[in-house]
Amino acid sequence: MTARQLPLLGVVILAAMVAGAPAASAHSFPMAENPGAGQTLDASPSEVSIKYDAPIEKLFAKLEVLDASGANEAIGQPVFGADGYTLSIKLSRLKPGEYTVKWGVLCVDTHRTEGSYRFIVAAKGNP
């Protein structure tokens, strides 16, 4: 190998390393929930909102609030926040009981994440 070929070999090796390196990726996971996971409320919340740690795609967002029988207590479609990180949905007036929030989002880098958490609306006078 000649001295002129060494720099070219370095470029080829570097290009091969970059091409074989895994791409950096992100997934959107909740970083703030309202009401929060495991929270007991004295009254029915008017909405549920979740702020994610990475931007989300609005077309593929899912947000439901299910009562103990599995009925969805959410009203309408989820609302996408102007910040690109927040998803919320209005609720009917919730009766005392345990509720499950089910969410699913697509991060702007095309990774889908989903999950759920629960909160409780306490019976009046019995938090």
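Contact means here that heavy atoms lie within 4.5 Å. The structure is a predicted model, in which local features need pLDDT of at least 70 and side-chain atom pairs count only at pLDDT 80 or more, while totals for chains, interfaces and linings use all residues. Residues are numbered from 1 along each chain as its sequence is written, and side-chain values use heavy atoms, with hydrogens and water left out.

Once neighbours within four places in sequence are set aside, Thr100 is in contact with Glu64, Val65, Leu66, Ser116, Tyr117 and Arg118. With Arg118, the side chain of Thr100 also makes a polar contact of 3.5 Å (a pair of N or O atoms within 3.5 Å, where one must be able to donate a hydrogen and the other to accept it, and residues adjacent in sequence count only if both atoms are side-chain atoms). Thr100 counts as buried because its relative accessibility is 16%, buried being under 20% relative accessible area with a 1.4 Å probe, protein chains only.

Strand β7 belongs to an open sheet of four strands, ordered β2-β8-β7-β4, with mixed pairing; two strands pair if DSSP finds at least two bridges between them. Its edge strands, β2 (40–41) and β4 (62–66), each pair on one side only. Strand β2 runs parallel to β8 (residues 112–121), joined by two bridges, and Thr40 has Ile120 as its bridge partner in β8.

Another open sheet has four strands in the order β1-β3-β6-β5, with antiparallel pairing.

How values were computed: Buried < 20%, exposed > 50% of the residue type's maximum accessible area, 1.4 Å probe, protein only.
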